[in-house]
Amino acid sequence: MIKKKKFSLTLINSLSIIIFLIVVSFGISIWAYFSTEKVLNHNLKQYFNQTQNLTKIIVSNEKKSLDEITFKISKILSKVDEAKSSIERLISDSISTDQVDLLYLEKDKEIIDFSNSLFDTDYIIKQISKKRVKEGNIFLIIENKGEKFLILLSSKKIINQETGRVNAKLYAGKIINDNFSIVSNIKENASLVDVFVYHDDYLIATTAKNELTNIESLKNKEIIKNDDKIY
C-alpha cells in the first residue's frame, strides 16, 4: 500500500501566496515596461515635433530673407531702365551678392546673370527657366550630370512705375548644397548631434563627416533607434 503525502495547509497557503506574488510582480513589471516605453516614445515624438516646428521657422526665416532681397532690388530696378553694367552697379550697391548663390534677370527673353557662385549657374538658370516658376518663393530640385541641387528660389516682377509695364523678372536663390549655415542653424538650435538633408537617396547637405549608411531603413518610419543614436 502506498501512502499519499499530505501537505499542511500552512505550506499550501505559503506556496499560493508566493505564486500569487510572482504573477503580480511579473504583471507589474510588464505593465511598467510598456508604460515606460509608451512615455519615452511620446516624449520622443514631442521632441521631434518641436524640432520639426523649429526647422519650419528657420526655413521660413530664410524665405523671408530671400524675399526681402528680391523686393529691395525690384524696387530699385523699377525706377531705372539702364544698361547691364549700371544695373549690376545698382544691385551691388543695394545688397551684398554673397548673400545669394543665384541672382539674375529675365528681360525680353534674355537672361542677365549677376550670380557670384562657384556652381555652374548658367546651366542651373537654364533649367529653372524651363520650369516656368511662378512669382513667390519655392524649393526646387535641379539635376546636372548626376548631381542634384536643392534650391530655395524667390522671384519678383520688375514693374515700371510710370507705365505699369512689366520690364523684367528678378530671381534670387540659395543653393542648399553649399549653404552650411542653414543646417548648422538647425543643429545648434534643436541641440541635435547632426543634420542630414536628403532628396530620395541623394545627400544634399549635412553637418556630419559622412552620409548615412542605413538610409533605406529610415524611410516611411517616424523614429529609428540605432546603436546610441535616435533618428
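What percentage of the contacts in the protein between residues at least 6 apart in sequence join residues at least 24 apart? The share is 46%, where a contact means heavy atoms within 4.5 Å.

**Before the tour**

The structure in the viewer is a predicted model, in which local features need pLDDT of at least 70 and side-chain atom pairs count only at pLDDT 80 or more, while totals for chains, interfaces and linings use all residues. Residues are numbered from 1 along each chain as its sequence is written, and side-chain values use heavy atoms, with hydrogens and water left out.

**The whole protein**

Display the entire chain as a cartoon. Five helices and nine strands make up the protein; helices (H or I, at least four residues) and strands (E, at least two) are DSSP runs, numbered from the N terminus. Followed along the sequence, their order is α-α-β-β-α-β-β-β-α-β-β-α-β-β.

Of the 231 residues, 32% are buried. Buried means under 20% relative accessible area, exposed over 50%, and partly exposed in between (1.4 Å probe, protein chains only).

**First stop: a patch on the surface**

Select Leu15, Ile18, Ile19, Ile22 and Val23. Together they form a nonpolar surface patch with about 490 Å² of accessible area. Patches are made of residues with over 30% relative accessible area and no salt bridge; like charges are joined within 9 Å, and nonpolar side chains (Val, Leu, Ile, Met, Phe, Trp, Tyr) within 5 Å. Ile19 belongs to helix H1 and, at 53% relative accessibility, counts as exposed.

**Second stop: the salt bridges**

Side chains of opposite charge can pair when their charged atoms come close. A salt bridge is a side-chain nitrogen of Lys or Arg within 4 Å of a carboxyl oxygen of Asp or Glu, and by this rule there are three salt bridges.

Select Lys174 and Glu62. Their closest N and O atoms are 2.8 Å apart. Lys174 lies in strand E5 (residues 166-175) and Glu62 in helix H1 (residues 9-77), so this pair ties together parts that are 112 residues apart in sequence. Both Lys174 and Glu62 are buried.

Next, select Asp200 and Lys148, whose side chains meet in a salt bridge at 3.7 Å, N to O. Asp200 is in the loop between strand E6 (196-199) and strand E7 (202-206), and Lys148 is in strand E4 (residues 147-159), so parts 52 residues apart in sequence are tied together. Asp200 is exposed, at 54% relative accessibility, whereas Lys148 is buried, at 13%.

Then select Lys187 and Asp194, which form a salt bridge at 3.8 Å, N to O. Lys187 is partly exposed, with a relative accessible area of 27%, and Asp194 is partly exposed, with 28%.

Select residues 180-189, which make up helix H4. Here Ile182, Val183, Ser184 and Ile186 are buried. Just after H4, Ser191 takes a positive phi of about 55°.

**Last stop: Tyr171**

Is Tyr171 buried or exposed? With a relative accessible area of 4%, Tyr171 is buried; its place is in strand E5. Leaving aside residues up to four places away in sequence, Tyr171 touches Leu102, Leu103, Tyr104, Glu106, Val133, Leu153, Ser154 and Ser155.

Terms used. Areas by Shrake-Rupley, 256 points an atom, 1.4 Å probe, with all protein chains shown as cover.
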